[in-house]
Amino acid sequence: MAYGIKPGMMKYCVVGNIVTERLDENGEIRHGIASFPGGRKVYISKRIWDKGVVVCGLNRFKSKYVLETVPLACIENIRAARTFKPHVLELMADPEFKNFWWLYIKEDQVETEEYVQILNRIKAGDQKAFDQYYADLKQRYY
């Protein structure tokens, strides 16, 4: 397998589900979003942009795992988890996106649980949590 992924390997991650129904800008009911159907499990990265978060999920049409930016409002049931799926692990191990994801050590498990709390606070409209996230990001990577 690519990037040294072997059967049985795992990583800690943050996952959520795409909302099943939402109202678009015209007030029409939409099922899921353009890239993912409603209820689809997505793996949420450490990267929050102004327009949303970068997620990895099984695409609606291509039936392969892709990275997309999804508005945080379109993700529900955010939780910490582990993944053993080889296709997801390969995408997470890609050198271009390697810093977007956690690893397999105990500290990463703690970080994913903290990140879930931050995402839920941001989703609830807490601007202080959003500012705290960016301050932590600058401290770690700049």
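Accessible areas here come from the Shrake-Rupley method with a 1.4 Å probe. Please keep in mind that this is a predicted model.

**Figure 1. The whole chain and its order of elements.** The protein chain has an accessible surface of about 8,500 Å², and carbon and sulfur atoms hold 51% of that area. Its secondary structure consists of seven strands and three helices. Read from the N terminus, the elements follow the order β-β-β-β-β-β-β-α-α-α. Of the 142 residues in the chain, 41% are buried. Among contacts with a separation of 6 or more, 62% join residues 24 or more positions apart.

Figure 2. Thr83 counts as buried because its relative accessible area is 2%, and buried means under 20%. The Thr83 side chain comes to 3.3 Å from the backbone nitrogen of Lys85. Beyond its neighbours within four places in sequence, Thr83 touches Met9, Met10, Lys11 and Cys13, along with Tyr43, Val88, Leu89 and Met92.

**Figure 3. A nonpolar surface patch at Leu103, Tyr104 and Ile105.** Now we turn to the surface, where these three residues form a nonpolar patch with about 290 Å² of accessible area together. Leu103 sits in the loop that links α1 (86-93) with α2 (106-123). With a relative accessibility of 39%, Leu103 is classed as partly exposed, since that class lies between the buried limit of under 20% and the exposed limit of over 50%.

Conventions. Residues are numbered from 1 along each chain as its sequence is written. This is a predicted model: local features need pLDDT of at least 70, side-chain atom pairs count only at pLDDT 80 or more; totals for chains, interfaces and linings use all residues. Side-chain values use heavy atoms; hydrogens and water are left out. Patches are made of residues with over 30% relative accessible area and no salt bridge: like charges are joined within 9 Å, nonpolar side chains (Val, Leu, Ile, Met, Phe, Trp, Tyr) within 5 Å. A salt bridge is a side-chain nitrogen of Lys or Arg within 4 Å of a carboxyl oxygen of Asp or Glu. Helices (H or I, at least four residues) and strands (E, at least two) are DSSP runs, numbered from the N terminus. Buried means under 20% relative accessible area, exposed over 50%, partly exposed in between (1.4 Å probe, protein chains only). Contact means heavy atoms within 4.5 Å. A polar contact is a pair of N or O atoms within 3.5 Å; within protein, one must be able to donate a hydrogen and the other to accept it, and residues adjacent in sequence count only if both atoms are side-chain atoms.
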